[in-house]
Amino acid sequence: MAAVAATSISTTPARSSSIPSAQTAPSTASSPRAANATSTPSPRPSGGDIYVQIITASGSLLDATVTILDAATETAVVTTDATGIPGVDADVRFESAGAGTQYWVIVDGIGTGVGSYTIKIDAEPELFRTFYPAGFTGPTINEFVSLANPNDFEVTYSVILRYETGDRDQTIVTNATLAAGSRGGVTISVAGSDSPSGARIAPYAIEVQSTGGPIGAAMGHFDFGSTTGDAFTDIISPAWSLARVERSSGNVNDFVLYYNPHDFDVNVTLTAYNAAGNPVEVNTVVGALRRGGLNIDQVAALPVGVFGAVITAEPVSSANAGEFQGIVVGQSHFDLVNESGFGLIADPLGGATNGAIPSLVRSDAASTEVVLFNPNPFSANVELRGEYVRAALPDLARNVNIPAGGTVRLTGADLGMIDSQPLGLRYSSNYPITVMGNQSQFGDADASSASTQAGTGWFFGAAFINSALAGESYFETVAIYNPADAGTQVSVQLLFVDGSSETLRVNVDANGFAEIRLHETLGSDFSSGTNRPDNFDPNAVLGRPGLNFFSLFASSATPISVSFTHYDLFLQGGWTNSGAALGLLNPISTIV
């Protein structure tokens, strides 16, 4: 066994569902007994599952194992792992014995290699929190929050509106229960009538709190003749980035929204880059537990046209520096000319060297745009690779240079995409960049930030199909990216509001993409060699008469990234979201 040199590193962004969680546990120097191992007490969890990972730097000689003990003796083994998963040396998940239980983490080395390592721990807290920064009620607006419980036990939750001005807090759902493996939700605004939840006409962020276990949430917002929405996030970060912000008076309404999850005020700085690559800063103070943000059209200092932006935050008072972990940043975009729009959560890494957009399509009825933003003071060289998922076609390959502070917009035609053939697009850059995909189809638009992190479990709260009109007025697609160098099987569980469920499975090649089209029956449009699940059953959705409300949980033995696109033409819109992660996340750059 190898002697392990230990180090302590702070990780950002943080998972706010268990502040502090997804943390790096302090690693201590090895004792004489454990010249080959380090013992670190873990946080005291409230119960539920605990995730622990051991990560070494790229190129490290250390090959580490992890062992979990529930007493200060080497025989009290709860679980152990020496294999790991792509990007992670050792990885364990185990069920806590309950609140107040203490565990020890033993890190050991295999062979003679030595080196530093990071311990990541996600232990369930007493209170889970997940956020969406952009909400608004009005007489022309339909707005709802869909909720999903991926656990095999009941969860209690509350939904709180955090207003930008005036009385700050309004709890619109208090201690409701969501059954195991089921979907629920709350309607906040109905066009043409008063809010059924009693929300006042004012901007707010939405916070969902739960006890007993995490739940997934998704926003659906119908306004300006278009639909916006994304999954709620439990990630908070001191630095976020957006690839595509637009200032075009009379043509576009763009809003960049902030939510401050702390009980103290924070300073937020948006740094935009003009056509020359020069930075322009706009500062905002966001109060404790309040929403804030910018109406881009009304900020004269900002560039005209499309530009990228970096958003950073810090506490107003230095006395809060030790407690500060970050904010949440989102975007709502409304194209007033084409009556389309999208909403998305920004990139919480502030840029990444590797990432992917799991699904894009170009056709006579659908236009595609990929936007790349380079926030660095030097140019970035980017390699783009696209893989078609429905036919054995040659991969798309493009190389792009982005000047310092620059934004590059590429249409499907620019990329050379083949008509009516969906593909997944991955990128690699020599410096961290921010990427988003934007599509216009079905009379609306959908967009999402590129996936820059991967995890083994993702859940989505808002899925709906009217069986009689599936594939005609309702379109639902699950898109998957596998960044690892080995193939994996992904399970997608459909959780219906009546408590029943169906499970679909799809194989995804190494560093490849796949899709599941929930709106299609077996054989209707599939060609040979498609990535459809080998046990796909059209009756899972289409055999259920009437209106089907359900949520999704996608899981894999190795890290994946997943997106879900939903179009409801009865409500005249749709959106794409990237889901909420269950467990620890790892940057794609550490896996590929």
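Is Arg-291 buried or exposed? Arg-291 counts as buried, because its relative accessibility is 11%. Buried means under 20% relative accessible area, exposed means over 50%, and partly exposed lies in between, with a 1.4 Å probe and protein chains only.

This is a predicted model, where local features need pLDDT of at least 70, side-chain atom pairs count only at pLDDT 80 or more, and totals for chains, interfaces and linings use all residues. Residues are numbered from 1 along each chain as its sequence is written, and side-chain values use heavy atoms, with hydrogens and water left out.

Now to the charged pairs. Side chains of opposite charge can pair when their charged atoms come close. A salt bridge here is a side-chain nitrogen of Lys or Arg within 4 Å of a carboxyl oxygen of Asp or Glu. A search of the whole structure finds 13 of them.

Arg-291 takes part in one, with Glu-164. Their closest N and O atoms are 3.3 Å apart. Glu-164 lies in the loop between β12 (155-163) and β13 (169-178), and Arg-291 in strand β23 (residues 291-295), so the pair ties together parts that are 127 residues apart in sequence. Strands (E, at least two residues) and helices (H or I, at least four) are DSSP runs, numbered from the N terminus. Glu-164 counts as partly exposed, because its relative accessibility is 28%.

Next, look at Arg-362 and Asp-419. Their side chains meet in a salt bridge of 3.5 Å, N to O. Arg-362 lies in the loop between β27 (352-360) and β28 (366-373), and Asp-419 in the loop between α1 (412-415) and β32 (423-441), so this pair ties together parts 57 residues apart in sequence. Arg-362 is partly exposed at 26% relative accessible area. Asp-419 is partly exposed too, at 42%.

Some salt bridges share partners. They join Arg-129, Arg-162, Arg-168, Asp-169 and Glu-207 into one network. Within it, Glu-207 pairs with Arg-129, the closest N and O atoms being 2.7 Å apart. Glu-207 sits in strand β15 (residues 204-211) and Arg-129 in strand β10 (residues 128-135), 78 residues apart. Glu-207 is buried, at 0% relative accessible area. Arg-129 counts as buried as well, at 14%.

Finally, turn to the surface. Val-497, Leu-547 and Phe-549 form a nonpolar patch there, with about 280 Å² of accessible area together. Such areas come from the Shrake-Rupley method with a 1.4 Å probe, and for residues only the protein chains shown count as cover. Patch residues have over 30% relative accessible area and no salt bridge; like charges are joined within 9 Å, and nonpolar side chains (Val, Leu, Ile, Met, Phe, Trp, Tyr) within 5 Å. Leu-547 lies in strand β39 (residues 547-568), and counts as exposed because its relative accessibility is 54%.
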